[in-house]
Amino acid sequence: MLQIDDLHVRYATAEAVRGVSASATPGRITLVLGANGAGKSSTLRAAAGLVTPHAGRVTLEGRDVTGLAPHKIVRHGMVLVPEGRRVFAPLSVEENLVLGGYTATREKSAEVLAQVYEMFPILGQRRAGAAGLLSGGEQQMLAFGRALMSSPRVIMLDEPSMGLAPTMVESVLGAVRGMADAGIAVLLVEQNAEMGLEIADEVVAMARGEVVFSGPAEQARSNASVLLAFLGEAALVE
Amino acid sequence: MNQWYLSHEILIQGTFISLLLALSIQVPLRAGVFSFAGIGSYAIGAYTAAILTIREQVAPVVAIGAGVLIAAAAGYLLALLVARLSGLYLGMATIAFSLFLGVLATNGGDLTGGATGLFGALSTLTTAHVITITVLVLVALAASERGSFGRRVDAVREDPQLAVSMGIDVNRVRRRVFVISGALGACAGGMNTLLRTTVSPETVGFHLVVTALTMIIVGGALSWAGAAIGAVIFTWLPSVLQFVGEWQLLVYGIVVAIAAVYVPNGLLGLLQEGWRRLRRRGRRLPAGGASVAAAPVAEDPEEKLAALGGPTAEARS
């Protein structure tokens, strides 16, 4: 499980994250909500080691990984899927996946590859094609599959639904639920509060770098005032 | 044939040495690293081989090998030093490294022979040795473009941040390409010195940056084969262009400009594209062939949605 305690992230001029605490437990989805610039991505990036936190602690299954190099954090069982559906466009689908299993042994990698193809049959059908030729939704599936290749116990997803058609958003979030159901601890960042709340177990709402609400998803769904105050009306309008 | 070989031996040697030099720039480019440190390594290799051969009369393999090891170590240290730089700034820093070595050679006193350089580095190195070494290097590099290391290098070039968030140690890959680049450059420099028996600051100067870069731009930057094409063209072009006399440099410039603007992937890219088209035409793919060539945005979203229904349903259950 992932535990983030009192995390601070500071860029040259501004403090993007101010004392954020959050956690992710196996089999459950923790949804991080917040408007643009609330510090969601910075929190994820600091937890993944891509930026060095100014203060605070990140522990992974009891082990302190704060400020560790990002490639080492992957070896400790936590992987980040960055926003923007980033895939290695000129490489084939299978090459992308195999790269994702870079930290695993060869046999383990082959085994997980078969599981990923089972979970996302479309990737199996396109395994030899260039990743850049996949549609947006398929590329997101590939990014998920690639992350799963390292057999993570914690997976962090940065806005996987961004820029996708509504029906596609549903498929992508369905896949997120599937990963949690497989026993992985999921930390999901979403701007689309309505969709995110449908699959979340826990909710952390952020505004201006701070946590403004933290609790079970049912409570967040009914806590209209919190959502209204910090996420704007759009979050409530059905 | 034999007559031809004898009268062109210098050019043949030059082709293989330029190829190694071009590869010392091309290998870092594969990892998205714009580094000219290979040129500085060429100087290290050239001077190490000359000094060891003249002073200690060591065998050519020792003289060249020592330069390769020193330059590889220098490459490693340089990689640590410039770890935070990228793009143009990295290019500038590595050019500075190469120019610095030129200054060092000019002011090295008795050891480097100052501005006049060193003479009389006589050895038993032959053209056959040069060709053998280069071919071995090419085999190793071709192998490194495939397999696990090759994929990792591709990943680091395409998206270093994504690569690192997948567990690839980007800095380690970068350090490795700096070491390989240093070794390649020094190997070229050492062999060139022993074949010519002489080295001077002038022969390891800035013009090598231009030569190597020209070969890669025109040949193609993403594979050893591109560097090979470039090395052959620009080693032999001067003798082909003898009839234009002093206009040679102008022809050079025009060739490079055309390549940079119209053939961004070099001649190798053109050849690969042509080959792909031929094969596609041969297979006569129905409809599919066209959609592969088209941009991904142009694909039918409806079809994709339908195709994606399957995996998600499964993922949910």
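Colleague: In S7(A), which residue is the bridge partner of A:Leu80?

Modeller: A:Met156 is the bridge partner of A:Leu80. This is a predicted model, where local features need pLDDT of at least 70, side-chain atom pairs count only at pLDDT 80 or more, and totals for chains, interfaces and linings use all residues. Residues are numbered from 1 along each chain as its sequence is written, with chains lettered from A and ligands numbered from 1 in the order in which they are written.

Colleague: In which sense do S6(A) and S7(A) pair, and over how many bridges?

Modeller: S6(A) and S7(A), residues 154–158, pair in the parallel sense over four bridges. Two strands pair if DSSP finds at least two bridges between them. Strands are DSSP runs of E with at least two residues, helices are runs of H or I with at least four, and both are numbered from the N terminus.

Colleague: What packs on that sheet, H1 for one?

Modeller: Helix H1 of chain A (residues 40–48) touches S3, S6, S7, S8 and S9 of chain A, and its direction makes about 145° with that of S7(A). Helix H7 of chain A (residues 166–181) touches S3, S7 and S8 of chain A, with its direction at about 155° to that of S8(A). Contact requires C-beta atoms, placed from the backbone, within 7 Å. Axes are lines fitted to C-alpha atoms, for helices over the stretch in contact, and angles run from 0 to 180 degrees between N-to-C directions.

Colleague: What is the strand order?

Modeller: The open sheet has six strands in the order S6-S7-S8-S3-S9-S10 (chain A), with mixed pairing. S6 (78–81) and S10 (210–216) of chain A each have a single partner strand, so one side of each is left without a neighbour in the sheet.

Colleague: Over to chain B. At what angle do H2(B) and H9(B) pack?

Modeller: H2(B) and H9(B), residues 170–196, pack at about 165° with axes 8 Å apart.

Notes:
Two residues are in contact if their C-beta atoms, placed from the backbone, lie within 7 Å.
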